[in-house]
Amino acid sequence: MYADIIVDITHEKLDKIFQYRIPKEMEGRLQTGMEVLIPFGRANRETKGYVIGFSEKCNYDPEKIKEIIQIIQNHIAIEAKLVALAAWMKEHYGGTMIQALKTVLPIKQQEKQKEQRSIRLLLDRREAKERLSYFLSKNQTARARVVAALLDRPILPYEYVTRQLKVTAAVLRAMEEQRILQIEAEVVYRNPVTAKRTKQQSFCYTEAQQAAIHTFCEEYRRGKRGTYLVYGVTGSGKTEVYMEMIEHVIAEGKQAIVLIPEIALTYQTVMRFYQRFGDRVSIINSRLSKGERYDQMIRAKRGEINVMIGPRSALFTPFERLGLIIIDEEHEGTYKSEQTPRYHARETAIARAAMEGASVVLGSATPSMEAFYKAVTGEFRLLRLPERAKQRAMAHVTVADMRKELEKGNRSIFSDALRSLMEDRLKKKEQIMLFLNRRGYAGFISCRSCGHVVKCPHCDVSLSSHRNGKLVCHYCGYEQLMVTSCPECGSSHVGGFRAGTQQIEELLLREFPQAKVLRMDMDTTKQKDGHEKILAAFSSGEADILVGTQMIVKGHDFGNVTLVGVLAADLSLYADDYRAGERTFQLLTQAAGRAGRGEKAGEVVIQTYSPEHYSIVAAAKQDYEQFFQEEMTYRALMGYPPASQLMAVLVSCKEEELLETACHYLKAYAETCCKKCERAGTSVQLIGPASPYVGKVRDTYRRVIYLKSEQEAVLVFLKDQLEQYIEINSGFQNLWIQFDLNPMSVF
């Protein structure tokens, strides 16, 4: 019997399958996904590898086949289904099979199991009293304390006896040998969910919610497995719909994975699911200890939980009976990996579901362009939730034109409208959220007088300011000198926005000294449970104002928040990225959705220098479909996803001259491959190589080449061709090359 093994040597770009003979003592023990120690190369150095399959026939000379040395005992075996998923990821997104296998391994190392020990009395009461008298007569006070305590309670915690009764382990072992007591150990899982289950409140579903639940459950009952997009306005009760879907899937004997985009959302999401499903729910994220993460994977493999909640990596939970994958806030960029393979959780979830006979449910008030495009073209099933639950009204939105504020002499970061509403809410003891839209921070140059933004004449994205005094386009490499006055109106008020959350917090404390302020950003949430502590404090009314970055506007539900202020909406609007308009609309709409979720009506103030931009106009009306139509026109015109497909080839090297040479040859070969595609009737556009916003990081130079095509399969074909070209040419060995299909941001 032979094992097919992938060798763990990623840095050598080795991605071939090797056969090894299975020793007799390992037959029946070896499983797909196990990590093993093998002899490799001419020197037979001991190397790790992964078993990805078995065969009874040898594909090589049997005399030259080497034997597996041993199974690595403390390794977590990858399930066979996840090995197949890793192979799909490797083919679709590039990289090596080893990189893909390591990606689908959320837990890579076995951790020591946590045990809860107890001490049980083995004697009956008469015998125990006799022993107690004997120990007292012999002045064996430690043993007497143990027997006396066990007469009161026949089973005692081990820690209580050793710490409170001050009895040593040696004494307890001696008493165990005398058959007076027995030390018992029970494996206890480190459970990160500590909430108490409460009585489930009855919920009155809207007609739209009922229709969405019925459609999914009826099709699932009939055996239909597909991808659904739950498109519902903020506050429409998407989570309640998810839970009904999960309830149905669990009743069918299946399990569910719920993906959330931010660790910050874990606290509220888990509490709602835990109240519904109890301790059959668990979480996995990077803030848990290694022991906690290990225990959750073991519980999942043993079928002891039905629902796993977590960010992107939770997608690889080793459920045996996976029936449903839910991706909440599916539009979020955090679902795209920044490491090789640069996979997107949405497409990878759909691939895993297809392999395992499961359904996928995507949910968002502001769906990604890709998801909504597939929904309107019929590839996904569209389920609409057009109104808020409990007949609550959407928040009223006001757009504050900061150009007019400047004309009035108001140079503060707060518009008059926002300041007035903040004073009103503080008097009424209602809560306020202030969202500082820092994505794209100070990257673009705009005019504070007229709102003009300096753009690339070729790519319709903003030019980014560099320290060398130049403005650069990161898509095509176009450059021009930094402007000192506005080319549109001549004003000298040009530059980037430079305020951060800490400065906003200090300003609030000066202008509203009576207000209690909480700040939520990367600095205040570094510690474990940092998100939960801040959110719990704000939810319980310990603060009047919560100020933060985009993490505060995603999915949170605070009933007493009646005012949301969006500071500097333009920061994401003019980032040097073709998705800038989409991200701005999503952030503004999500921010607006945090206001008025309780009994009281909500108001939102969006501060901007570009009130006429279609993404801000649509966000103010909370009209996604108007935005979608406008944005699709732009995407089709420029050839960006989802109208076309885009692949970035990211190239890095320590030597700038070698990098330039490599990019020259890589582009030349890519052009040759593109001509083959064109002769076959498919056009491909090649752009670059261009320098990214940061052209050098940690003494490593970087460049990017873009490929555009209407067909994703063509880009995957080109990736395969370029990977083969890179593999057979030794000149590329000192370069780091990544492929990014439909990148979420510029390199």
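This is a predicted model: local features need pLDDT of at least 70, side-chain atom pairs count only at pLDDT 80 or more; totals for chains, interfaces and linings use all residues.
I then looked up its partner. The side chain of Glu-603 meets that of Arg-425 in a salt bridge, 3.2 Å from N to O. Glu-603 belongs to strand 26 (residues 603-608) and Arg-425 to helix 14 (residues 416-427), so this pair ties together parts 178 residues apart in sequence. One network of salt bridges joins Asp-424, Arg-425, Lys-428, Glu-430, Lys-600 and Glu-603.

Next I checked Arg-425 itself. Is Arg-425 buried or exposed? I found 5% relative accessibility; the cut-off for buried is under 20%, so Arg-425 counts as buried. Arg-425 also forms a salt bridge with Asp-424, where the closest N and O atoms are 2.7 Å apart. Asp-424, at 25% relative accessibility, counts as partly exposed.

I moved on to another pair. Glu-184 and Arg-120 form a salt bridge through their side chains, at 2.8 Å, N to O. Strand 8 (residues 181-187) holds Glu-184 and strand 6 (residues 115-121) holds Arg-120, so the bridge links parts 64 residues apart in sequence. I noted Glu-184 as partly exposed at 22% relative accessibility. Arg-120 is also partly exposed, at 32%.

Last entry: helix 18. How far apart are its end C-alpha atoms? I read 18 Å.

Terms used. Residues are numbered from 1 along each chain as its sequence is written. Side-chain values use heavy atoms; hydrogens and water are left out. Helices (H or I, at least four residues) and strands (E, at least two) are DSSP runs, numbered from the N terminus. The expected span of a helix is 1.5 Å times one less than its number of residues. A salt bridge is a side-chain nitrogen of Lys or Arg within 4 Å of a carboxyl oxygen of Asp or Glu. Buried means under 20% relative accessible area, exposed over 50%, partly exposed in between (1.4 Å probe, protein chains only).
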